[in-house]
Amino acid sequence: MDGKYFHHALKFRKDVCIGCSHCMNVCPTQAIRIRGGKAELKDNFCVDCGKCYRACPVGAIIVEQDDFNQIFRYKQRVALIPSILLAQFPEEVSLTQVSSVLMELGFTHVYEVEHGVEVLKDSMNKHIGEHKESRPLISTFCPAIVRLIQVRFPTLTDNLILLKPALDIAASYYSKMLQDQGHESEDIGIFYITPCAAKIAAVKSPVGQEDSPITGVINMDFIFNKVYTAVKQGFIGKNTCQLPSLDPLKASGVMWPATSGEAAHMAGRTLAIDEISNVIEFLEQLENEENQGIDFLELRACDESCAGGILTSSNRFYTVERMRKRAARADRKEKERNYRYVNPGPIVKYREYLEESIFISKVQPRSMDKLDEDISQAMKKMKRVHELMELLPYVDCGICGSPKCSSLAEDIVQGEAEIIQCIYVQRRMEHQGEMPAKQSLEIMQKIWGREKFEIKDND
Amino acid sequence: MHFEYQIEGGNFTRAGFASSEIKKKLKQLNVDLGIVKRTVVATYEAEVNVVAHAYSGTIYVDFDEEKVVIKLVDEGPGIPDIEKAMTEGFSTASSTVREMGFGAGMGLPNMKKNADDLQVSSEVGKGTTVQITMFFQKPDNDK
């Protein structure tokens, strides 16, 4: 594979990894191998879904985050929070409490990401109406899904809706608004509190955009612990009186990051699918057949969408229930014509400005399936893969250090593995006297590390 | 490279397996994505046709550096009038099949639209052979 395509927020700590291969077995894109007793990431295969992070029993996979103190490099320090954040806490914790702790931590402004939905929703519907030629159109909300489509379903890159997510719109708005208030742009730092690794990767190397309007990313679990500790200790916040009055989020905004959050507001026939294996199964089928009349597809990598993000702390089902309740309250207040809820908030005054830069450029396919750029080489390699598959057991045991027999075959033709790594092949060779026991032990040690084969004293 | 896949008549739950396998191989060969798309749509359509109309069938797939030839041979009722079956809107699918979303009468014309070359021959009471050929050379505007 040529070059490195993606920035990854997930990092593997070799010093902590015990080479248990749990991560390799759950990876939906077969991006992990075990070599020398440690997990290794194949960068170009990884889509930052975070399944491995959850599977790791020893915490060897970490989500890289920006140093919190970097916020103090800016005079205006904006915390952009998704509606998921408030829903992490029991209901008695209010948005004002959460914001006041954020202010106490050093932020000067707090703004909810989903205000961007007020602008985005209409642009999405307009886009769907104007692009009748490609169906179904696929949301670019979830960065892990965008990457999954690039690497696994490249024929579907043309179906992606090339609009910025609500996060970027909210960031652009807040930055512009502060500039209009007379702040210098270099004094403004916009920090996103993220529920997942994929969003970090998308900020650090955005797909279809030159650069991101977001200055830095802070992990939600870090913020959750800070806020919840303060709440538990009875902190009210000495900055409470200076709190900006937060715009009330409409019900559509509250629910946007949950499953069906987008689909519920798109015209035509829509489907909302969450959890990456479900998405893969569906896209596999979608690639084969003519579209069944679906106009819009909402696809999310995590189960229960962002409520199931790897950096969340609360159980995802409770989170969604709290979001629903909040949305219902917002709906009720809007129906009661509570003027703050009827008013869509100051962001819509910037609609024209935001719509000017709402488009992203075409998302490039980056197929990971291709065996070679050159078709005659690829043909040779494909033949070889086919021959190798005849020798392999189709058990997908992972003892060779590759997740599946087919991954081992592909690794072999790419010169990254050897057929003798297969335990079945070794046993056959041993049986035929072609491989001494010492050699098979050495092979296993090379994959799984020496320690696992040391004879331990059990006295 | 030669591959073969079996198709079971009347079993829609397995329909699409061969198309997925062929798709995977085309991706491995780094074939232009537009060609992958057309190949898969035509093959899937043909595969579903066999499931919908025939008792059983076999798909023979041959890849070389220039093209892939996908030949679907079925044992089934055959098509009495191929020319008529090639016209848009014509369907012999039973109403049960149509209710499942298959057999909307787009079969052969849609295959013809997507395939670089399509050959259909049939013998009533014996079966039908459909041959789809796709060429790999990249479209001119890609060079």
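Predicted model: local features only at pLDDT ≥ 70, side-chain atom pairs only at ≥ 80, totals over all residues.
**Exercise 1. Describe the contact between chain A and chain B.**

Step 1. Count the residues. Chain A gives 25 residues and chain B gives 25 residues.

Step 2. Take the area. About 2,400 Å² is buried between chain A and chain B. Carbon and sulfur atoms supply 59% of that area.

Step 3. Count the pairs. Five salt bridges link chain A and chain B. Polar contact across this interface involves 11 residue pairs.

Step 4. Locate the chain A side. Helices α11 (276–288) and α15 (375–391) of chain A each supply at least two residues of the side that touches chain B. α15(A) gives the most, with seven residues.

Step 5. Sort that side by type. Eight of its residues are nonpolar, five are polar and 12 are charged.

**Exercise 2. Examine two salt bridges between the chains, A:Glu284 with B:Lys23 and A:Glu410 with B:Lys24.**

Step 1. Read the distances. A:Glu284 and B:Lys23 meet at 2.9 Å, N to O. For A:Glu410 and B:Lys24 the value is 4.0 Å, N to O.

Step 2. A:Glu410 lies in helix α16 (residues 405–413) of chain A, and B:Lys24 in helix α1 (residues 17–28) of chain B, so the pair joins two chains.

Step 3. Classify the exposure of each partner. The cut-off for buried is under 20% relative accessible area. A:Glu410 has 17%, so A:Glu410 is buried. B:Lys24 has 34% and is partly exposed.

**Exercise 3. Trace two salt bridges within chain A, A:Asp66 with A:Lys204 and A:Lys362 with A:Asp158.**

Step 1. Start with A:Asp66 and A:Lys204. Their closest N and O atoms are 2.8 Å apart. A:Asp66 sits in the loop between β4 (61–63) and β5 (76–81), A:Lys204 in helix α8 (residues 197–204), 138 residues apart.

Step 2. A:Asp66 is buried at 18%. A:Lys204 is partly exposed at 33%.

Step 3. Turn to A:Lys362 and A:Asp158. Their closest N and O atoms are 2.8 Å apart. A:Lys362 lies in the loop between α14 (351–356) and α15 of chain A, A:Asp158 in the loop between α6 (143–152) and α7, so the pair ties together parts 204 residues apart in sequence.

Step 4. A:Lys362 is partly exposed at 43%. A:Asp158 is partly exposed at 44%.

**Exercise 4. Is A:Asn219 buried or exposed, and what does its side chain meet?**

Step 1. Locate A:Asn219. Strand β9 (residues 216–219) of chain A holds A:Asn219.

Step 2. Compare with the cut-off. Relative accessibility is 3%, so A:Asn219 counts as buried.

Step 3. Find the polar partner. A polar side-chain atom of A:Asn219 lies 3.3 Å from the backbone oxygen of A:Val63.

Step 4. Extend to contacts. Beyond four places in sequence, the contacts of A:Asn219 include A:Glu64, A:Thr194 and A:Leu311.

Methods: Residues numbered from 1 in each chain as written. Chains lettered and ligands numbered in written order. Heavy atoms only, no water. Contact = heavy atoms within 4.5 Å. Buried area = accessible area lost by both parts, 1.4 Å probe. Salt bridge = Lys/Arg side-chain N within 4 Å of Asp/Glu carboxyl O. Polar contact = N/O pair within 3.5 Å; in protein donor to acceptor, adjacent residues only side chain to side chain. Helix = DSSP H or I, 4+ residues; strand = E, 2+ residues; numbered from the N terminus. Nonpolar A, V, L, I, M, F, W, Y, C, P; charged D, E, K, R; others polar. Buried < 20%, exposed > 50% of the residue type's maximum accessible area, 1.4 Å probe, protein only.
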